[in-house]
Amino acid sequence: MARNIQKVAVIGSGVMGSRIACHLANAGCEVILLDIQPKELNEKEVALGMSQDDPRFKQRIVRDAFEATLKSSPSPLYHKELSSLVRLGTIEEDLGSISDCDWIIEAIIENLDIKKGLFEKIETHRRPGTLISSNTSGIPMMAMCAGRSEDFQQHFFGSHFFNPPRYLPLLELIPGPTTNPEIISFMEDFGSRFLGKMTVVCKDTPAFIANRIGVYAIMSLFHLTTEMELSVEEVDKLTGPVLGRPKSATFRTCDVVGLDTLVHVANGLQKACPNDEANQLFQVPAYINKMIENKWLGSKSKQGFYKKIKNEAGKSEILSLDLDSMEYRSKNKVHFPILDQVKAVDNLKERTKLLLNSPGKAGDFYRKFFGGLFAYVSNRVPEISDEIYKIDDAIKAGFGWEMGAFETWDILGLEKGLDLIKSSGNQAAEWIQSMIQSGTTHFYEFRAEGKFFYNQQTSGFELIPGQQRFISLDQFDHQEKLWENQDCSLVHLGDGILNLEFQTKMNTIGGGVLAGINKAIDLAEKSYSGLVISNRGQNFSAGANVGMIFMMAAEQDYDELNFAIRSFQNTMMRLRYSSIPVVVAPHNMCLGGGCEMAMHADKVVAHAELYMGLVEFGVGLIPGGGGTKEFAKRLSEELHDGDIRINRFRDRFLTIGQAKVSTSAAEAFELGYLRAGTDEFVMSRQHQLQRAKQACLELAEKGYQMPIKQRNITVLGQEALGIVYVGANSMFSGNYISDHDKFMSEKLGNVLAGGDLSEPSMVSEQYLLDLERRTFLELCQQRKTLERLQSLVKTGKILRN
């Protein structure tokens, strides 16, 4: 049957339930969030004279939980108005409202008897054919759906979201013993396309896949810390971004998750997996037990492995726990020579090889850890998964690893990985030996059709399923590029659509990227139908190379700086005015010049997680690559008479002047970076490039015509400048901004207003670009601006040339 999910019931409004409800609202679903009624009035309710018949009393638990979730940071919603899609209610009075829901999600306490009791109630209201799932993190599916009807069991499965659901992309799907396979196939697609999830179908084994591997890795590190006499700071330095892991690394992650939660899972795994060869590693170390005893649970108790205090000087300081004395102390500076050596190595694969082959304590640490990890994941096949790619996908999406365990093993080489396993005192699974005997030396390979994995069941390579639904730039790595330079490369996606990917540090935009854009447009105009600009970096772009701008400004090489800015502006205009459609597909950070690039495209197909903004004002400049011009142009398209147009001008001015960055693609529309009716966003990062290509093709097939350069942009001149000057003077007089900030504000206002014109006038894009560039150069000559740039370069907050 054709299936669509528009209305969802989430039962249980705790930390997970409320956040799942919010993410479903992000996807545009109508949500009913239910929880139990309180048993008695609290003091506040008594003081207000409430009775137990009062709806405010009945919904107190669900309301308080949902409101706390809405106040949490980072926000669980793409936009605050999406909260209106979530309707609150109680299980006692509103359970009947699930009868017209398409999906019912149970997210209550991890207690089998309580869950079974709820499912019994649900079945009296549930419409046959409705999907029903549990967000359990480990209770077997068979046990939960026992005694339920055949239709219930056929539509029942585990849907294990990771917290926070908006930000961690993993969704584990666990079929029950009689779940209809078509239901799981549908949810794989729905979870991926509509919820933006990496959907991984798991076997019904303890902790499923991600937590089984992730908690093993954390427990292994706990014991390795003691064995190698390492500090909390040292382990976090070794297991953070340098290894392609989150900044929170190991111990800070434990603080965020909650040590009690982690210990609960570890104890459960040790009990549930007596035949696991690493069972003893799930035994909680003494220092962890002491922390549990002291209730040092992490963020929830204000102290864990780290503790934030006010020091004697009155400044905030983060202390770390000394695992020997079990006392907090100032953090020690961590120094391992290899970490300094790999700072300049951007490629994670190359960096990982250097780390694992390095001499000294850090290298020993990595070799012991990965030796154990490689052995462990090999022995989990086929126990928790028949396919190795599911293990890698789950750990990457659930724990934020950039490379999975088998992917890491591949870059080291099969034999090297086996050497690490042996030297760490572990043993690989038998299928690894069979793999070697067959002459196979790797776990993955790329072919024209996509990414293949080694299937230990068939002793051969098979295409990872589902790839036909999306495009990955990975598949072009082993094909000849149409063109490339040091900073970017160009490939043919098929159907006449090219893709330009830039590969600089943090995907910053310099001369090499600008040359790549111009070359890509040249080739597309000559022989192809359109161009997409997208990349695989963690962020789309951190903007223009500000370090290079600082060097030219500091050396007073203003002619060269003027040329560089003009080149940037001209390239952005080339994006806008070419004979082929250009689609930009940004994700995560899209700042400064990256934002300007997107604003000049024919269309933007963004990922929902988009942190987009013109942030140049924060370093003492204005957007100089066409961003200020573009805001003036878009303002002209919105202008109305009277107060409304001044309000519009003020909004645009403050967006740049306060360097506002969107917290989602939805908010980027509100801030004016994206255009309603033209630009769009997708939930799935996996499907983003496919949609961008499709959008580019649609523009081409409609009969794309190069836009005409605009010469009739309405600017407000002195009408708007008066507001700017009054506001800047008022802020300066009140000591809210410095004299330099006042100067910058007036310069920004002057460009947005089109200059000191006596009345609203019509100007061209080139007029505004020239005004923008002159102002940018003038600000570069200001001492305060140079000081800000120099400070940021010294601290590494912006890139050095």
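Student: Let's start with α10. How many of its residues are buried?

Tutor: This is a predicted model, so keep that in mind. In it, α10 is mostly covered, with 15 of its 18 residues buried.

Student: What span should α10 have, and what are its ends doing?

Tutor: At 1.5 Å a residue, 18 residues should span 26 Å. The end C-alpha atoms of α10 are 25 Å apart, which agrees.

Student: What comes after α10?

Tutor: Glu229 follows α10, and its phi is positive, near 55 degrees.

Student: And at what angle does α10 pack with α13?

Tutor: About 105 degrees, for α10 at residues 210-227 and α13 at residues 259-272. Their axes are 10 Å apart. Angles of 65 to 115 degrees count as roughly perpendicular, so α10 and α13 are roughly perpendicular to each other.

Student: Which residues make that contact?

Tutor: From α10, Asn211, Arg212, Val215, Ile218, Met219 and Phe222. From α13, Leu259, Leu262, Val265, Ala266 and Leu269.

Student: How do they divide by type: nonpolar, polar, charged?

Tutor: The contact of α10 with α13 has nine nonpolar residues, one polar and one charged.

Student: Switching to α1. Where is it, and how many residues are buried?

Tutor: α1 covers residues 15-26. Of its 12 residues, 11 are buried. Among them are Met16, Arg19, His23 and Asn26.

Student: What do those buried residues pack against?

Tutor: Several strands and a helix: β1 (7-11), β2 (30-35), β3 (86-90), β4 (103-106) and β6 (156-161), plus α4 (60-71).

Student: You mentioned β1. Which way do its residues point?

Tutor: Lys7, Ala9 and Ile11 point one way from β1, while Val8 and Val10 point the other way. All are buried. In a regular strand, side chains alternate between the two faces of the sheet.

Student: In what sense do β1 and β2 pair?

Tutor: Parallel, over five bridges. Lys7 has Glu30 of β2 as its bridge partner.

Student: New topic: the three-stranded sheet. What's the order?

Tutor: β9-β10-β11, an open sheet with antiparallel pairing. β9 (306-310) and β11 (327-330) stand at the edges with a single partner strand each, so one side of each has no neighbour in the sheet. Neighbouring strands are turned by 45 degrees against each other on average, direction ignored.

Student: How many bridges join β9 to β10?

Tutor: Five, and the two strands run antiparallel. Lys307 has Leu319 in β10 as its bridge partner.

Student: And the seven-stranded sheet: what's its order?

Tutor: β15-β16-β17-β18-β19-β21-β23, open, with mixed pairing. Its edge strands are β15 (483-484) and β23 (680-682), each pairing on one side only.

Student: How do β19 and β21 run?

Tutor: They run parallel, joined by two bridges. Val584 has Val604 in β21 as its bridge partner.

Student: Which helix packs on that sheet?

Tutor: α22, residues 511-527. It touches β15, β16, β17 and β18, and its direction makes about 175 degrees with that of β17.

Technical notes:
Residues are numbered from 1 along each chain as its sequence is written. This is a predicted model: local features need pLDDT of at least 70, side-chain atom pairs count only at pLDDT 80 or more; totals for chains, interfaces and linings use all residues. Side-chain values use heavy atoms; hydrogens and water are left out. Axes are lines fitted to C-alpha atoms, for helices over the stretch in contact, and angles run from 0 to 180 degrees between N-to-C directions. Helices (H or I, at least four residues) and strands (E, at least two) are DSSP runs, numbered from the N terminus. Angles under 35 degrees count as roughly parallel, over 145 as roughly antiparallel, 65 to 115 as roughly perpendicular and the rest as oblique. Contact means heavy atoms within 4.5 Å. Ala, Val, Leu, Ile, Met, Phe, Trp, Tyr, Cys and Pro count as nonpolar, Asp, Glu, Lys and Arg as charged, and the others, Gly among them, as polar. The expected span of a helix is 1.5 Å times one less than its number of residues. Buried means under 20% relative accessible area, exposed over 50%, partly exposed in between (1.4 Å probe, protein chains only). Two strands pair if DSSP finds at least two bridges between them.
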